[in-house]
Amino acid sequence: MRDVTAKGTRKQHAMAGPRPVVFTGPSGAGKSTLLKKLMKEYDSVFGFSVSHTTRNPRPGEENGKDYHYVTREAMQAAIAGGDFIESAEFSGNIYGTSKAAVQDVRAKNLICILDVDMQGVRNIKRTDLQPVYVSIQPPSMAVLEKRLRGRKTESEESLQKRLKAAQVDMELGKEPGIFDVLIINDNLEDAYEQLKQALLEEINKVKKVNMVS
Ligand SMILES: Nc1ncnc2c1ncn2[C@@H]1O[C@H](COP(=O)(O)OP(=O)(O)OP(=O)(O)O)[C@@H](O)[C@H]1O
Ligand SMILES: Nc1nc2c(ncn2[C@@H]2O[C@H](COP(=O)(O)O)[C@@H](O)[C@H]2O)c(=O)[nH]1
């Protein structure tokens, strides 16, 4: 992972500690699958920024681990109160990254992983977080639809909204200079290897620092 901006100049990080990593990509592209693998293999290196959402938990999801599940009213009040770095309406629900979620991970000197949609990326680019931006893309829309249907988590209405958002995001994501790393998640193991390679330098740095401290 190179610490170089699009213009090739070195940037001073706004906060001490390792650079966060922002994962984005269409719903169903495989972001959670890949980042869960990464956090399992490197549990002492990465920490997940637990977002807030107004959507209902899926079977197997845990409050405080996968998301903080809140009402729309509570979320809107917290956003208005300035508790969030970014927030967005996606597929009929609000999602957002609280300042506390990122701070909790950074306080442990871990690489903070964020999983956000494209609106989140645009909003984070206006902050001083200065993360590495990783785009996870499916090999095609047809594969994306198959994966989303196969996951069996969405109603037909939610699925159609997600596919529509995916089309828009895939177009926006083609703009040069938005992402530091672009991975096409076709074969899972190949995609995971590419992800590890892209982050290896930073992983080793954190391992070294956390071993001696
Ligand atoms: N390379 C792959 N090959 C086949 N299936 C995959 C692959 N990667 C992920 N999947 C499957 O595709 C589905 C969607 O993956 P996942 O939930 O990780 O996507 P996501 O990008 O996190 O979606 P969302 O943004 O909605 O949370 C899951 O059922 C997952 O098991
Ligand atoms: N802008 C933000 N987007 C987020 C956040 N947390 C998750 N997400 C994105 O929402 C969609 C749908 O997620 P799902 O869990 O309902 O499938 C996906 O693209 C996530 O990346 C957030 O805090 N901010």
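Trainee: Is the crossing in which helix 5 passes helix 6 left-handed or right-handed?

Mentor: Bear in mind that this is a predicted model. The residues of helix 5 that meet helix 6 include Met 141, Leu 144 and Leu 148, and among their counterparts in helix 6 are Leu 159, Leu 163 and Ala 166. By class, this contact of helix 5 with helix 6 has 6 nonpolar, 1 polar and 3 charged residues. The crossing in which helix 5 passes helix 6 is right-handed.

Trainee: Is helix 5 roughly parallel or roughly antiparallel to helix 6?

Mentor: Helix 5 and helix 6, the latter spanning residues 156–172, have axes 11 Å apart and pack at an angle of about 150°. Because angles over 145 degrees count as roughly antiparallel, helix 5 is, relative to helix 6, roughly antiparallel.

Trainee: Which helices each supply at least two residues of the shell around ligand 1?

Mentor: Ligand 1 has 14 residues around it, and those that come nearest are Ser 27, Gly 30, Ser 32, Thr 33 and Arg 147. By class, that shell has 8 polar, 3 nonpolar and 3 charged residues. The helices that each supply at least two of its residues are helix 1 (31–41), helix 5 (141–151) and helix 7 (188–212).

Trainee: And how many charged residues does the shell around ligand 2 have?

Mentor: Ligand 2 is surrounded by 14 residues, the closest being Ser 51, Ala 88, Tyr 95, Val 116 and Gly 120. Strand 5 (84–90), strand 6 (93–98) and helix 4 (118–124) are the elements that give two or more residues to this shell. By class, the shell around ligand 2 has 6 polar and 4 nonpolar residues, and its charged residues number 4.

Notes
Residues numbered from 1 in each chain as written. Chains lettered and ligands numbered in written order. Predicted model: local features only at pLDDT ≥ 70, side-chain atom pairs only at ≥ 80, totals over all residues. Near = placed C-beta within 6 Å. Helix = DSSP H or I, 4+ residues; strand = E, 2+ residues; numbered from the N terminus. Nonpolar A, V, L, I, M, F, W, Y, C, P; charged D, E, K, R; others polar. Axes fitted to C-alpha atoms, helices over the stretch in contact; angles between N-to-C directions. Parallel < 35°, antiparallel > 145°, perpendicular 65-115°, else oblique. Left-handed = near helix turned anticlockwise from the far one by under 90°. Contact = placed C-beta atoms within 7 Å.
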